[in-house]
Amino acid sequence: MNIKTYAGIPEELAKLETAKIVLIPVPYDGTSTWQKGADKGPDAFLNASENMELYDIETDSEVYQQGVYLADAVSENRSPEAMVEAVHQATKTYIKKNKFVTIFGGEHSVSIGTIRAFNEMYTNLTVLQLDAHADLRASYEGSKCNHACAVYEASQTTNLIQVGIRSMDATEKTVMDEEKTYFAHEMAEDDSWMDSAIDQMTDNVFITIDLDAFDPSILPSTGTPEPGGLLWYETLEFLKQVFQEKNVVGFDIVELCPNPNEKSSDFLAAKLYYKMLSYKFQGADASDDYDNAFEGAIVSKNNSSKFNEDDEY
Ligand SMILES: [Mn+2]
């Protein structure tokens, strides 16, 4: 990757020591079954970010002033399992450094590692998944780390809430909690899903966004587009409420499959990422201390952290 800082922000705002936000790119596309290209997602996203205006009108803020550290990309791709473990470790490393950790994929199997890290570091974690597909297979094509299995582990170990689902295999019904699943065809008719989903969340929320959750009319460049998806303002309205009412501990965005002739998807992804940061830090002063409140941070104040402290940068 030849990009030095996220969105071209000044180097002094991009230092690990002082940045409150960390962005980990994971250009991985090892298990995708149809259109390849999600490995090009982080580069396209970073390019679009560099060409975006950094003042957010809605929140009247410039969230990049909080500092964004662009981490080295996780490039492990010897096997899906090795990639997931590398993502898991990288994510955990930055959570322990008291950062707001964000990850840009790559295909959705990346999230198995990110979710595992957040679930280890935070109690009673809710995973909010925006996705066209249920992704609840226990294994697929011989691996538990296939994109079709992205949230199976989360369904067993966290409070998983699925939003925008409109494609699944009948066998996934045995795993799915239909009370916490918001199908796209129902969402289209009744907008009470937003309040209902938020009511089901615990305080600590990790958000995983598969970009195919969006309608292909506004985001065509994704591996498996499905008609009938989310639109821009309803998605922002929902996310904004989640950020206001819950402690969003981090998020990932996956499955941008860039098309050189169609740049608007890259820009949607870039803007979505920036909007989510803007909501997270709305009202926070750049000079305010940030505390990501992971379990170890609270425990370590009593000098008895169950995690290995790692203060080196
Ligand atoms: Mn997915």
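In what sense do strand E7 and strand E8 pair, and over how many bridges?

Reply: Strand E7 (residues 204-210) and strand E8 pair in the parallel sense, over 7 bridges. Residues are numbered from 1 along each chain as its sequence is written. The model is a predicted one, in which local features need pLDDT of at least 70 and side-chain atom pairs count only at pLDDT 80 or more, while totals for chains, interfaces and linings use all residues.

Some terms come first. Helices (H or I, at least four residues) and strands (E, at least two) are DSSP runs, numbered from the N terminus. Two strands pair if DSSP finds at least two bridges between them. In general, strands of a sheet pair through backbone hydrogen bonds, either parallel or antiparallel.

Strand E8 (residues 247-254) is mostly covered, with 7 of its 8 residues buried. Here a residue is buried if 20 or more other C-beta atoms lie within 10 Å of its own, exposed if 12 or fewer, and partly exposed in between, the C-beta atoms being placed from the backbone.

These strands belong to an open sheet of 8 strands with parallel pairing, in the order E2-E1-E3-E8-E7-E4-E5-E6. Its edge strands, E2 (68-70) and E6 (181-183), each pair on one side only. The twist averages 15° from one strand to the next. Angles run from 0 to 180 degrees between N-to-C directions, and axes are lines fitted to C-alpha atoms, for helices over the stretch in contact. Towards one end of the order, 3 bridges join strand E5 (residues 159-165) to E6, and the two run parallel; Val-163 stands opposite Tyr-182 in E6.

Helices accompany the sheet. Helix H3 lies across E1, E3, E4 (125-130), E7 and E8, and runs at about 170° to E8. Two residues are in contact if their C-beta atoms, placed from the backbone, lie within 7 Å. The axes of helix H2 (residues 80-96) and helix H3 (residues 110-121) come within 7 Å and cross at roughly 40°. H2 is therefore oblique to H3, given that angles under 35 degrees count as roughly parallel, over 145 as roughly antiparallel, 65 to 115 as roughly perpendicular and the rest as oblique. On the H2 side the contact includes Val-84, Val-87 and Ile-95, and on the H3 side Val-110, Ile-112 and Ala-117 are among the residues. By class, this contact has 7 nonpolar, 4 polar and 4 charged residues; Ala, Val, Leu, Ile, Met, Phe, Trp, Tyr, Cys and Pro count as nonpolar, Asp, Glu, Lys and Arg as charged, and the others, Gly among them, as polar.

Helix H1 (residues 41-50) is mostly covered too, since 7 of its 10 residues are buried. Among the buried residues of H1 are Phe-45 and Leu-46. The buried residues of H1 pack against strand E1 (21-26), strand E3 (100-105) and helix H8 (264-280).
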